[in-house]
Amino acid sequence: MINPLSTILLMLGPGAMLGLLALGLVLIYRGTGVLNFAHGAQATLGGYLYWDLAVQRGLPLPLSLAIAALASGLVGVLIQIVVMRPLRSAAPLARVIATIGVLIIILSSLLLIYGSDSKNVPSLLPAGQVNLGETFGQVGLDRFLLVIVGLLTTAALWFLYKFSTFGTKTAAVAENPVAAATLGHNADRLAMGNWFLGGLLAGFAGAMLAPVTGLDLITMPSLIVPALAAALVGGLVSFPLTMLGGIAILLLQGLATAYIDIRGIGTVSTFIVIVILMVVRGKSIPERGFVGLRLPALGSGRVSWPVVIGWLTFAMVLIWVVQPVDWIDPILTSMVVAPVLLSVVVITGYAGQLSLAQFALAGTGAVIAAEVASRVDLPFLLVIAIAVVGTIPVGIVLAWAAMRMRGTSLAVITLAFNALLYATLFSRSEVINVPSPVIFGLDVSALLYPERYLTVVIIIFTLLALSVAALRRSQTGRRMIASRDNERAAASIGIRTSTAKVVAFAISSAIAAIGGVLIAFRSTAVVYQEFDTVGSINQLAWTVIGGVGFLAGPLLGMGFTDAGLGTQLADVIYSDQFSGLGLIGGIALVLTMIGNQDGMAAVFSKQVDHVRGLLRRGKPVHESADFTPPVFEQRIKPDGRRLSIKGVSVAFGGVKVLKDFSMTVEPGTVHGLIGPNGAGKTTLIDAISGFVKPQEGQISLGDEPLTSLPAWRRAKYGIGRSFQSLELFDDLTVYDNLRAAAESAKPSNVLRDLIWPKKSKLNPAAWDAIRLLRLEDILGSSVRSLSYGQRRLVAIARALATDSEVILLDEPAAGLDEVETLELRAVVRQMAEVQGKAVLLIEHDVEMVMAVSDEVTALNFGTVIAHGTPSEVRDHPDVISSYLGTSTVAEDASASALYPEGSRA
């Protein structure tokens, strides 16, 4: 019978080293804001260097350990200087992907130098046993020493970062980089220090763990998953909690493995810990330290049938007429991976979800297909369909597990899910024998008829690419892209972003499953172990290099597949077996993130668009959308509903931003809201539209209470809004921004959109907005290409396109010149008088508010200080005091200059 106390003692030492590895993650994150996905690779580097120095070169073990740890720390400094410093102003997603490039570089380099065989590593620590009696049994002395090392290191780090100048400066930079810079703190030097210490700990932990876990290029890099879990226990901040987390996770894995007879139960337990920490607690990894959020560019999804026919013709001639036989297998190796890369385009390119589980989803499809085909004699296409149907629920489960996550947090969840599937599903060593695939009675076995199988793969990929192109142009695709670009803005026009994510995961899972089946059935003996965790990381990397937002991206990126087209080309050039393609791919990924995050396909796309523009004499190329306004019957001014706010209070922490606020906005009127910065104006709009939850009070539209409804449903009920910072969908045209707001989604639309997307028209409300704001000439333009004033108008038009009864305008005149502001006055009055909207206007231009409003409310420090007609509020002493900083009416003679009467436009 297994002694649980003995198991606990056995796992304490490795747990302390896992905690040490996690401490390195925390150090780097605390000091730079980067979650280093290459940390496990750095630990692997430390382990291999320790083995090389101690075994191959015969150096003393302590000296080998010191050199290995130091070298890993210096690699951390190199990462900061070469990779992270150029990306210091990039979005967190770009920096995460860059660390994935570093991971590939390190592991590929180790593969080139040391090969793939496992190494036996000597332990530095004494191998004696400690007898703890019958209760505990005998436990190795080295386990106790590892715990002592872990605890002492934790205490030293806590002291260093709590009391040293280096620690206080690091905390200052992490809290406020701009303020820290004004105090003379050099953020680059501090970052190098933290990367050095983090790398040092990774190398040290790797060298100490290698004798316990074994040393190879799979096991130790995979420790990144439990290390991330341990770091999350500490909130990516606390050193003691991180160390305790590392010990606890290893204990949990050991006990689960000892007492629960389920394959991969240790990894399952780690995944559950990560889900609890990140989903149940609702804590995403905070993303700080970047300027702006730049997402990779997207292709248009337009299909040129001459190009498609030309591609298929070229491929068939190449396969059946021109290509030498020895090229067929490398091309096939690359092409079977292309559908998996295409699934990355959907989930990461279109939906903006950084998934590190796509190859695992492909493996799921492969397992389902192999298990079915090995038991039942079915046509190959039906086997593929069964695999797709079986994989989609797995993708949906992943989507729900990751629903409250995004960016870096989502990468952690999907990586852990990847490890979970490998441990429970793919780690089996047995081989599954399947029959040769047969399509319409024709044997297309890759072993016997590789040309036939390659032809099938190319046709399937082409059909999938056409489907993804249709998705890009469809309503479903627009909703995905809107959610990717700006979740708040998407919800404000009625898009349920969670549904858009689930749909994206489902579609990408289906495509990945097809790729997995094609990979598996290249042979009649299916090996599940090829769907490892590193595979998903590679699929993301190769797609990003090719262009994660473009249909051509998978074709350009697939060449980096091991033993594929790129390897064959390299063998021709070097006339020898080439094994450095992974290293080249890792370097290419890092360079892509630094120099051109849109990928190679974006460069080709720009050149093609340039040529098209020249051929069309500079006329822009648009999707075949009809920009001609339809003829509508005269729209009758609707009977709107009143917006009522009663006793609303909003607090953030201990600070009350709104205090017992009440107000009504009648249909057909403009209600102005003024107040100095920090008065609570935007918080009120956020509370009305569902982005802030009031602690007290009620918000209703007519008789319909809104307080408990999410933002997207409030938009459906009739609340439309603009944003102070615009928050447009920059990857959509003006026309598609309005279409996204105007069209209604139906579940049945998803399947149709993958085959033949309907060219939806704008609704009458959208056309009214276009005419009102004079946007006819820019409907086909990219939002990015517009002037600031035009972007302001598009933001208002998008709110109007929802045909909402209430329009909330948050500083619509900000940044407009005098003429544009006068024109906007007329627009706001027409919203109320002609369209019957209830308009709530927040604006710092008090002259404009007084000129267009029927009623005005003045706020200061979250409290109403005046309410009434524009003239009543203008002359109110508290309003004058809050704007002029005086307390007497006698001193406000000059205040009239701030509040001229103005006539309503």
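The secondary structure of the protein comprises 37 helices and 16 strands, where helices (H or I, at least four residues) and strands (E, at least two) are DSSP runs numbered from the N terminus. The model is predicted, so local features need pLDDT of at least 70 and side-chain atom pairs count only at pLDDT 80 or more, while totals for chains, interfaces and linings use all residues. Residues are numbered from 1 along each chain as its sequence is written, and side-chain values use heavy atoms, with hydrogens and water left out.

Of the 905 residues of the protein, 57% count as buried; buried means under 20% relative accessible area, exposed over 50%, and partly exposed in between (1.4 Å probe, protein chains only). Among contacts with a separation of 6 or more, 77% are accounted for by residues 24 or more positions apart, contact being defined as heavy atoms within 4.5 Å.

Two helix pairs were examined. Helix H3 (residues 61-84) and helix H4 (residues 92-114) have axes that come within 11 Å and cross at roughly 130°. Axes are lines fitted to C-alpha atoms, for helices over the stretch in contact, and angles run from 0 to 180 degrees between N-to-C directions. The angle makes H3 oblique to H4; angles under 35 degrees count as roughly parallel, over 145 as roughly antiparallel, 65 to 115 as roughly perpendicular and the rest as oblique. The crossing of H3 and H4 is right-handed. A crossing is termed left-handed if the near helix is turned anticlockwise from the far one by less than a right angle, and right-handed if clockwise. On the H3 side the contact involves Val75, Ile79, Val83 and Met84, which meet Arg95, Ala98, Thr99, Val102 and Ile106 in H4. By class, this contact of H3 with H4 has 7 nonpolar, 1 polar and 1 charged residues; Ala, Val, Leu, Ile, Met, Phe, Trp, Tyr, Cys and Pro count as nonpolar, Asp, Glu, Lys and Arg as charged, and the others, Gly among them, as polar.

In the second pair, helix H16 (residues 358-373) and helix H17 (residues 380-401) pack at about 135°, with axes 8 Å apart. The contact of H16 with H17 divides into 9 nonpolar, 5 polar and no charged residues.

An open sheet of 4 strands has the order E8-E7-E10-E11, with antiparallel pairing; two strands pair if DSSP finds at least two bridges between them. Strand E8 (655-665) and strand E11 (704-705) are the edge strands, each pairing on one side only. Strand E10 (residues 696-701) is joined to E11 by 2 bridges, and the two run antiparallel. Within this pairing, Ser700 stands opposite Pro705 in E11. Helix H28 (residues 681-689) packs on the sheet and touches strand E7 (643-652), E8 and E10, its direction making about 115° with that of E7.

A further open sheet has 6 strands in the order E12-E13-E14-E9-E15-E16, and its pairing is mixed. Its edge strands, each pairing on one side only, are strand E12 (719-721) and strand E16 (863-868). Neighbouring strands of this sheet are turned by 20° against each other on average, direction ignored. Strand E15 (residues 855-860) pairs with E16 in the antiparallel sense over 5 bridges, and the bridge partner of Val856 in E16 is Gly868.

Helix H30 (residues 734-742) has 9 of its 9 residues buried, so the helix is largely enclosed by the rest of the structure. These residues are Val734, Tyr735, Asp736, Asn737, Leu738, Arg739, Ala740, Ala741 and Ala742. They pack against helix H20 (475-485), helix H32 (764-773) and helix H33 (788-801).

Backbone geometry was also considered at two loop positions. Most residues other than glycine have a negative phi. Leu726, although not a glycine, has a positive phi of about 70°. Leu726 lies in the loop between E12 and H30 and is buried, with a relative accessible area of 4%. Glu811, also not a glycine, has a positive phi of about 50°. The position of Glu811 is in the loop between strand E13 (806-810) and helix H34 (818-833), and at 9% relative accessibility Glu811 counts as buried.
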